[in-house]
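Me: Got a structure I'd like to go through with you. Can we start with the strands and then move on to the packing?

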Amino acid sequence: MMQVKINGAVAELPDNCSVKELLLARKLPPDVVIIELNGEIINRGKWESLKLNPNDSLELIRIISGG
């Protein structure tokens, strides 16, 4: 297990967890989320192959539309 920060809170994730696996574990639909990893917005095409590292810092931003 490794620790990362998600939206400012420490979270434990399995080693070698990808960004996509994180979204699936948190039941977040990928089409409504923007992910910032260590200060850089990550392209959706990289989510499956991009593995997280201990002490990474993520911001998960959920897009909400309305009127």
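Me: Which residue in β5 does K5 stand opposite?
Reply: S57. Keep in mind that this is a predicted model.

Me: And in what sense do β1 and β5 pair, parallel or antiparallel?
Reply: Parallel, over two bridges.

Me: What's the strand order in the whole sheet?
Reply: β2-β1-β5-β3-β4. The sheet is open, has five strands and shows mixed pairing.

Me: Which are the edge strands?
Reply: β2 and β4, the latter spanning 40-41. Each of them pairs on one side only.

Me: Switching to packing. Which residues touch the most other members of the largest nonpolar core?
Reply: I6, L13, L22, I35, W47, L52 and L58. That core has 18 residues.

Me: Which elements each supply at least two residues of it?
Reply: Strands β1 (2-6), β2 (9-13), β3 (33-37) and β5 (57-62), plus helix α1 (19-25).

Me: What does I35 touch, leaving out residues up to four places away in sequence?
Reply: V19, L23, E40, I41, I42, W47, L58, E59 and L60.

Me: Where is I34 placed?
Reply: In strand β3.

Me: Why doesn't I34 count as buried?
Reply: Because its relative accessible area is 30%, and buried means under 20%. I34 is therefore partly exposed.

Notes: Residues are numbered from 1 along each chain as its sequence is written. This is a predicted model: local features need pLDDT of at least 70, side-chain atom pairs count only at pLDDT 80 or more; totals for chains, interfaces and linings use all residues. Side-chain values use heavy atoms; hydrogens and water are left out. A nonpolar core is a set of buried Ala, Val, Leu, Ile, Met, Phe, Trp, Tyr and Cys residues joined through side-chain atoms within 4.5 Å. Buried means under 20% relative accessible area, exposed over 50%, partly exposed in between (1.4 Å probe, protein chains only). Helices (H or I, at least four residues) and strands (E, at least two) are DSSP runs, numbered from the N terminus. Contact means heavy atoms within 4.5 Å. Two strands pair if DSSP finds at least two bridges between them.
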